[in-house]
Amino acid sequence: EQVIQNNLTEEVKNLLSSLPKESGWMISDHLYQYQNSWYPAIHLQALLNIQRNFQALDTDLVLVTNPKCGTTWLKALCFATVNRFRFDNPTSKQHHPLLTNNLIYFCLSFSATRLLSTHIPHASLPDSIKDSQCKLVYLCRDPKDTFISFWHFNNKLRKNMEHGSLEEAFEKFCEGVVEFGPFWDNVLGYWKMSLESPERVLFLKYEEMKKEPKIHLMKLAEFLGSPFSAEEENDGVPEEILKLCSFDNLSNLEVNKTGKMPMAGFEFSVFFRRGEVGDHVNHLTPEMIERLDKITEQKFLDSGMKF
Ligand code: A3P
């Protein structure tokens, strides 16, 4: 906490003292409510910096997720798809950058497209993103699996620090107190944008991508303005990209097994756990499942959005 305090501007320190505050169930001890969403202090500082200074380009591609909804997968798929012509043979990945790099700090501009990634809710996006013609891909995931993924992730990050109980964390998640949450508001902001501007926002669901990965990769490539040609399809390029970006492949790479995040110091392996649909049944009681489903149903009422 002290290190974080030292990295905040006076403006943010003052702002924090005026904001609603909750004890965090994640790596950060506290979350602050700003523009109806919850942030650790360090992310709030980053948000203000981005809102003021970030200049979007019409050619940018912004990948947006609630945390733990498959960001790592989406980044890999987009990176491999957008850059597939840069490598001598896109299906022979001997030297592919994904084999030796983790994309956690992500602003990669191998191609003309800058690939950026964020969890910021739609309402808080910098004006320059809203006003530009840049494209966004939003990936969401069933909140029950998202919560369980978050729970394990935070426990790994907290290591020897105290973990609250699963029940306490669940309560907070249901109340919306989670980084970049409430979960449902984050989804709905981009869901609505995707309905209003389908040419700007591609809205994807983790579960559907797991079920029919090729169909969704083809859709993604088309949305990115780089559809797979008949020849590429014949050559099995989409399948090769899916293999390269698969959970099994990425999680078994040396960089992701033993690599660490610079500065923050935690292992890239924390971003890989099971990569499956439905693991929440192994952790949540039927009552908890029913409660979360009810909240989801109510929150999405009349929106047309469902899991
Ligand atoms: P689980 O904890 O359910 O296994 P994020 O990347 O947004 O932090 O999300 C992490 C979740 O995505 C974790 O879910 C992780 O295992 C899963 N994941 C990571 N890489 C993946 C991949 N290549 N394909 C599918 N799921 C992946």
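## Ligand site and helix packing

Around the ligand there are 18 residues, of which Lys-68, Thr-71, Thr-72, Ser-149 and Arg-274 come nearest; a residue counts as near if one of its heavy atoms lies within 4 Å. The model is predicted: local features need pLDDT of at least 70 and side-chain atom pairs pLDDT 80 or more, while totals for chains, interfaces and linings use all residues. Residues are numbered from 1 along each chain as its sequence is written, and side-chain values use heavy atoms, without hydrogens and water.

The table gives polar contacts, that is, pairs of N or O atoms within 3.5 Å.

| Side chain | Ligand atom | Distance |
|---|---|---|
| Lys-68 | oxygen | 2.6 Å |
| Ser-149 | oxygen | 2.6 Å |
| Tyr-206 | nitrogen | 2.8 Å |

Helices are DSSP runs (H or I, at least four residues) numbered from the N terminus. Helix H6 (residues 143-158) packs against helix H7 (residues 166-175) at about 130 degrees, with axes 11 Å apart; axes are lines fitted to C-alpha atoms over the stretch in contact, and angles between N-to-C directions run from 0 to 180 degrees. Pro-143, Phe-147, Ile-148 and Trp-151 of H6 meet Leu-166, Ala-169, Phe-170 and Phe-173 of H7, contact meaning heavy atoms within 4.5 Å.

Helix H2 (residues 10-18) and helix H3 (residues 41-53) pack at about 120 degrees, their axes 10 Å apart. This makes H2 oblique to H3. Glu-11, Val-12, Leu-15 and Leu-16 of H2 touch Ala-41, Leu-44, Gln-45, Leu-48 and Arg-52 of H3.

Key. Helix = DSSP H or I, 4+ residues; strand = E, 2+ residues; numbered from the N terminus. Parallel < 35°, antiparallel > 145°, perpendicular 65-115°, else oblique. Polar contact = N/O pair within 3.5 Å; in protein donor to acceptor, adjacent residues only side chain to side chain.
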